[in-house]
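Student: I would like to go through how some structural labels are assigned. Please set each value against its rule.

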Amino acid sequence: MATGYLELLRARHTTRLLVGTLVGRLPYGTAALAIVIFVRAEGGGYPLAGLLAGLYGLATAVGQPLLGRLADLYGQPRVMLPSALASALAMGTLAVSGLDPLPLAHAAVLVAGVTTPPLEGGLRALWPSVLRGEGMLHRAYALDAVAQEIMFAAGPLVVLVLAGVWSPAVALLVINALGVLGALSVVVSEPSRRWRSAPREAHWLGALRSPGLLSLLGAFFFIGAALGAISVAAVAWAEVRGDELASTWLLSGLGAGALLGGLLYGARHWTGEPERRLRLLAVALAAGYLPLLLAPDSLVPMTALAALAGLFLAPVLACAFVVIDRHAPTGTVTEAFSWLVTTFGVGSALGTAAAGPILDRWGPDAGFAVSAVGGVAAVLVLAATRRALGTPVRRAAPVGGTAVAPTPGAAPTEPALPLGADAPGAGGAGDTGGAVGPRK
């Protein structure tokens, strides 16, 4: 397993793109916590803190697919860096001006959210132009999903340390400055500079005109809801048992399970249709949520159940990335990946909101039922829309290479290239510097 990941990380550009994207996404991954801490330090109440954090999340949900579409149209550097700078300046305005005047604080958070650069979608658009071979691509998607878990676990710790050593305002400034540096590292790289999307068919729906993509987004809305509910239910479970820190253990267990699952998934060479594999993984993910309903009183078994619940999360994400690349209409790959970020985030927010009233009425353990329902609903969506996922979109030939449309029902031998990416091994962005495909 380690050999495969070392081979991946030795491929030209891989480490730089992965690390740069993770650092660039720190503002997005830590915004909710950073805003809440800042508002509380400025004397604002939790309602205001929640309102501003929610406003940022809503603005990001709107901005990601729009900026993703612009990146497909005009290239990554022209979109990613200006948006990163605009978002950082807006958050810097909040840090310097504080909550007075309050309308300025609202406007700053709104602008920061809308202009958050779609680095996540942009990275997944670049992977097929950097790596050669389907196995390497799948492993990159798996490592991408694992790295997200690390970022969401380590990012809040960075915010807390900066806020504790200096101040919440400094934390906002430093995190967003790091975000700009991460985005800069990505957009000045050769793959990002050379990547171009293939000409797209003019359509106001953009990536959303793909039935397969809509199917996937519907399923991930409910997966996001399941995860949002788990976060709230974990806190309630810990409070009832008199140990508020126990929620940290549960959420850490969830992340550890996702890390392990993602590493194991990426270490294997997968064949066959990824759409079918995604349905099976979604069933396993939903099944992992069900034992949480037992909600044992002891911390150790409950943490183990949380780890089980997270085990198939990263594999589901990694497989979904492959499916999106196969179903995104020509010229919309970055936008399509950005829609996944948006849908997942909106589902998480609504799952968090839905769990609250249920916890108040039926007790803390009932919050885990929302997660179970979300997991089952995701499986049902994928089952009901099986036909929509059955035929991948025929891909246009990218600039500098030839993309072959996948044949329905056939096991893919090479991944569909990103729309407009140079063909791996053909020079330019696709030149991996002698990287060899995975051993089978």
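Student: Why are helices H2 and H7 called roughly antiparallel?

Tutor: In this predicted model, the axes of H2 (residues 14–24) and H7 (residues 119–130) cross at roughly 175° and come within 10 Å. Axes are lines fitted to C-alpha atoms, for helices over the stretch in contact, with angles from 0 to 180 degrees between N-to-C directions. Angles over 145 degrees count as roughly antiparallel, and H2 and H7 are therefore given that label. Residues are numbered from 1 along each chain as its sequence is written. Local features need pLDDT of at least 70, side-chain atom pairs count only at pLDDT 80 or more, totals for linings use all residues, and side-chain values use heavy atoms, without hydrogens and water.

Student: What makes the contact between H2 and H7?

Tutor: Contact means heavy atoms within 4.5 Å. H2 supplies Thr14, Leu17, Leu18, Thr21 and Gly24, and H7 supplies Leu119, Glu120, Leu123, Leu126, Trp127 and Val130. By class, that is 7 nonpolar, 3 polar and 1 charged residues.

Student: What is the volume of the second largest cavity, and which residues line it?

Tutor: The volume is about 60 Å³. A cavity is a set of points on a 1 Å grid where a 1.4 Å probe fits but cannot get out, and lining residues have an atom within 4 Å of a point. Ile230, Ala234, Leu250, Leu251, Leu254, Leu292, Met302, Ala306 and Phe368 line this cavity.

Student: How is that lining divided by class?

Tutor: Ala, Leu, Ile, Met and Phe are among the residues that count as nonpolar. The lining of the second largest cavity has 9 nonpolar, no polar and no charged residues.

Conventions
Helix = DSSP H or I, 4+ residues; strand = E, 2+ residues; numbered from the N terminus. Parallel < 35°, antiparallel > 145°, perpendicular 65-115°, else oblique. 1 Å grid on protein atoms, 1.4 Å probe; cavity = no way out; pocket = protein on both sides within 12 Å on 5 of 7 lines; lining within 4 Å. Points joined across faces, edges and corners; volume = space filled by probe spheres on them.
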